Amino acid sequence: MPREKARRKGETLFLGVHARLVFLNEGDEAAVLDLMRRFSSAMRFAYQRLLQGEDRKELKREDGPLCALFGLNTRFADGAVEKAQAALDAARELGQDPR
């Protein structure tokens with residue numbers, strides 16, 4: 001019988017993976033670092049807009065602010081909004097002021 005930890009109702013298991021990126025040339029590394037910088041900025045922007053009560057769908061649209069201001073495609077824009085929403089929910093769950 002496999003050993004499993006008892007989980008509370010609604011609790012999910014998170015499995016993370018750590019990796020080290022190795023780049024063959026500096027151009028690839030610069031492109032990835034630029035994308036990471038823009039994604040982080042977009043996530044902070046989305047967090048502030050969610051605090052102001054803006055709609056998630058409006059933020060991540062192709063002609064929305066995340067795509068236009070940060071040069072992200074809709075998939076990355078949706079990821080930034082999702083991470084911002086998760087951070088907002090976590091702060092509220094812990095009873096912290098999300099501002």
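This is a predicted model: local features need pLDDT of at least 70, side-chain atom pairs count only at pLDDT 80 or more; totals for chains, interfaces and linings use all residues.

Student: What span does helix α4 reach from its first C-alpha to its last?

Tutor: The expected span is 1.5 Å times one less than the number of residues. Helix α4, residues 74–93, has 20 residues and reaches 28 Å, close to the 28 Å expected.

Student: Which residues of α4 are buried?

Tutor: Buried means under 20% relative accessible area. In α4 that holds for Ala 77, Ala 80, Val 81, Ala 84, Gln 85, Leu 88 and Ala 91. Seen down the axis of α4, these buried residues fall within an arc of 130°, so they line one face of the helix.

Student: What covers the buried residues of α4?

Tutor: The cover includes α1 (26–51), α2 (56–60) and α3 (65–70). The face turned away from the buried side carries exposed Arg 75 and Glu 93.

Student: What should I look for at the ends of α4?

Tutor: At the start of α4, a side-chain oxygen of Asn 73 comes to within 3.2 Å of the backbone nitrogen of Arg 75. After α4 comes Gly 95, with a positive phi near 75°.

Student: Is Pro 65 buried, exposed or partly exposed?

Tutor: Pro 65 is partly exposed, at 25% relative accessible area. Pro 65 lies in helix α3.

Student: Which residues is Pro 65 in contact with, leaving aside neighbours within four places in sequence?

Tutor: Phe 45, Glu 58, Leu 59 and Phe 70. Also check Ala 42: its C-alpha is separated from that of Pro 65 by 8.9 Å, and the two residues are 23 apart along the chain.

Conventions
Residues are numbered from 1 along each chain as its sequence is written. Side-chain values use heavy atoms; hydrogens and water are left out. Helices (H or I, at least four residues) and strands (E, at least two) are DSSP runs, numbered from the N terminus. Buried means under 20% relative accessible area, exposed over 50%, partly exposed in between (1.4 Å probe, protein chains only). The arc is that of the directions from the helix axis to the C-beta atoms. Contact means heavy atoms within 4.5 Å. A polar contact is a pair of N or O atoms within 3.5 Å; within protein, one must be able to donate a hydrogen and the other to accept it, and residues adjacent in sequence count only if both atoms are side-chain atoms.
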